[in-house]
Amino acid sequence: MSSSPFPRRPRLTRAAALTMAALVGGAVLTACGSEDGTDDGTAAGGLNLVASTTVYADIAEQVAGDNATVESVISDPAADPHSYEASPADAAAVADADLVVYNGAGYDAFVDRALENAADVPVVRAVDEYARVTGETVAEHSHDDEHGAEDDHDGDHDDHGTEDDHEGHDHTSDTNEHVWFSLPTAAAVAERVAEELATIDEENAEEYRDNARRFAETLTPLEEQLDVIHDRGHFPYAQTERVGAHLFDAAHMVDRTPRGFLSSIEDDTDPSAADLSAMLDLIAEREVAFLAFNNQTETPVTARVRDAAESADVAVVDLTETLPEGVDYTTWMTGIVDSLSSALAGATPVADGGH
C-alpha cells in the first residue's frame, strides 16, 4: 500500500463526495444497505455508514437494518486489504460518513488517513473492541511499502520466540490484527455500532441494540463448536498466514508453523530454503491436523505448501480476509468452523503442551 497520506482538506459534504466519485470514474464502494435507498446513496431518511471491508460492512448492516445504507470501501472478494490503494472517492466517503467501522491497528490504514481530513466522524475500531473483551491490545502495524521494513516484522516475531513456544501453546494475539476472526470481538463490534447509532438516532436506539443482540446470538453455536474442539484436547496445525489464528486460539490449538516461514510470508518475501523445508516436512510427516490456507494472498510458495498438504492427505481449511460474494458474516464463519470440525473429526490431539 502506498505510504503517501491523503492531502489535508476540510470535511467534504456528501454532494462533494459524489462529485469527486464521478470525476475519478465512479466510486469503488459497494452499497450493502437496503434497496430503498435514495439517489444520493443513503437509505430513505436514514444514515450513511462506511466500513473498510465487507466483513465490517455486513456486521454494521445487520445492526442498522433498514435505517441506514452501509458501504464497503473494499468490495472485491479477491482484493487484498493489506495492499489496497484507496481512491479520492474512498477518502471522501469516509470523511462524509455518519459512522465509520473498521479494523484498525494499521490493517486498513487508508481509513486512518482519510479520517485525518474529517471533522468529528464517529468511529468503531474492531481492535478497540478486541481489547475491551479480551484485555489484550493489538500492536499497531504498518503495511505500507509491502508490509513495511523486514526489520520491523522481525522485531515483532522475535518477541514471541521460536517454534518451541508454539508447542508450549503461546498465543500471538498482540501481533495479529485480524481480530474479526475472534467471535467475541465481532459481537462486541456489533454492540458498539448499536451504541454509536443509538446516540446518533435515539428514536431507533432499541432497534439497534436488539439487532446487535440477535447478531451475537447467531455466533453462540459457533462458540459452542469451538468449545467441543477445545474439550477434545490440543490439536496441532500449520498456517500460511496468521489470518485465522484468533479462531484457532479460541479452541486452544497449537500452531506448529515454523516462525521463520510465517515471518517471510508476512514480509512478502520468499522464506529461506531451511524454513520452507521445515514447513514441507511438517506437512509431509503429518505432524499437523490441518493446514489453514489464506486464499486471498496465495503465492507460488503457499501454493506449493497447499499442494504438499493435499498430497499428504492433510486437511486444508480455506480462509479469506473479506466475505465471499453473497455470504454474510455468520454464514461465512459457520462454514469455516464446520470445515475445521470436519478436518479434526479423525484427528488425534497432542499433549497439553504446557497450557
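This is a predicted model: local features need pLDDT of at least 70, side-chain atom pairs count only at pLDDT 80 or more; totals for chains, interfaces and linings use all residues.
In which loop is the place of Asp-313? Asp-313 lies in the loop that runs between α14 (300-311) and β9 (315-319). Although Asp-313 is not a glycine, its phi is positive, at about 60°. As background, most residues other than glycine have a negative phi. With a relative accessibility of 63%, Asp-313 counts as exposed, because the threshold for that class is over 50%.

Ala-105 is placed in the loop between β4 and α4 (109-115). Its relative accessibility is 1%, and Ala-105 therefore counts as buried, the limit being under 20%.

The chain as a whole may now be considered. The protein chain contains 15 helices and nine strands. Of its 355 residues, 53% are buried. Among contacts with a separation of 6 or more, 72% are made by residues 24 or more positions apart. The chain exposes about 14,500 Å², and carbon and sulfur atoms supply 47% of that area.

Helix α5 illustrates how a single element is set into this chain. The helix spans residues 126-134, and Ala-126, Val-127, Glu-129 and Tyr-130 are its buried residues. These four cover an arc of only 155° around the axis, which means that they are on the same side of α5. The elements against which they pack are α2 (54-64), β4 (99-102), β5 (123-125), α9 (183-200) and α11 (245-250). Just after α5 comes Gly-135, which takes a positive phi of about 80°.

Helix α2, one of the partners of α5, also packs against helix α10 (residues 205-232). The axes of α2 and α10 are 7 Å apart and form an angle of about 130°. On the side of α2, the contact involves Ile-59, Gln-62, Val-63 and Ala-64; on the side of α10, it involves Glu-207, Tyr-208, Asn-211, Ala-212 and Phe-215. Sorted by class, this contact has six nonpolar, two polar and one charged residues.

Two leucines show how parts of the sequence are brought together. Leu-323 is found in the loop between β9 and α15 (329-343). Its relative accessibility is 7%, and Leu-323 therefore counts as buried. Leu-323 and Asp-76 are 247 residues apart in sequence, whereas their C-alpha atoms are 9.0 Å apart in space. Setting aside residues up to four places away in sequence, Leu-323 touches Thr-54, Val-55, Asp-58, Pro-77, Asp-328, Tyr-329 and Trp-332.

Leu-115 belongs to helix α4. At 18% relative accessibility, Leu-115 counts as buried, because the value is under 20%. Leu-115 and Asp-96 are 19 residues apart in sequence, with a C-alpha to C-alpha distance of 9.6 Å. Apart from its neighbours within four places in sequence, Leu-115 is in contact with Val-94, Val-100, Tyr-102, Val-121 and Val-123.

Key. Residues are numbered from 1 along each chain as its sequence is written. Side-chain values use heavy atoms; hydrogens and water are left out. Buried means under 20% relative accessible area, exposed over 50%, partly exposed in between (1.4 Å probe, protein chains only). The arc is that of the directions from the helix axis to the C-beta atoms. Contact means heavy atoms within 4.5 Å. Accessible areas come from the Shrake-Rupley method with a 1.4 Å probe; for residues, only the protein chains shown count as cover. Axes are lines fitted to C-alpha atoms, for helices over the stretch in contact, and angles run from 0 to 180 degrees between N-to-C directions. Ala, Val, Leu, Ile, Met, Phe, Trp, Tyr, Cys and Pro count as nonpolar, Asp, Glu, Lys and Arg as charged, and the others, Gly among them, as polar.
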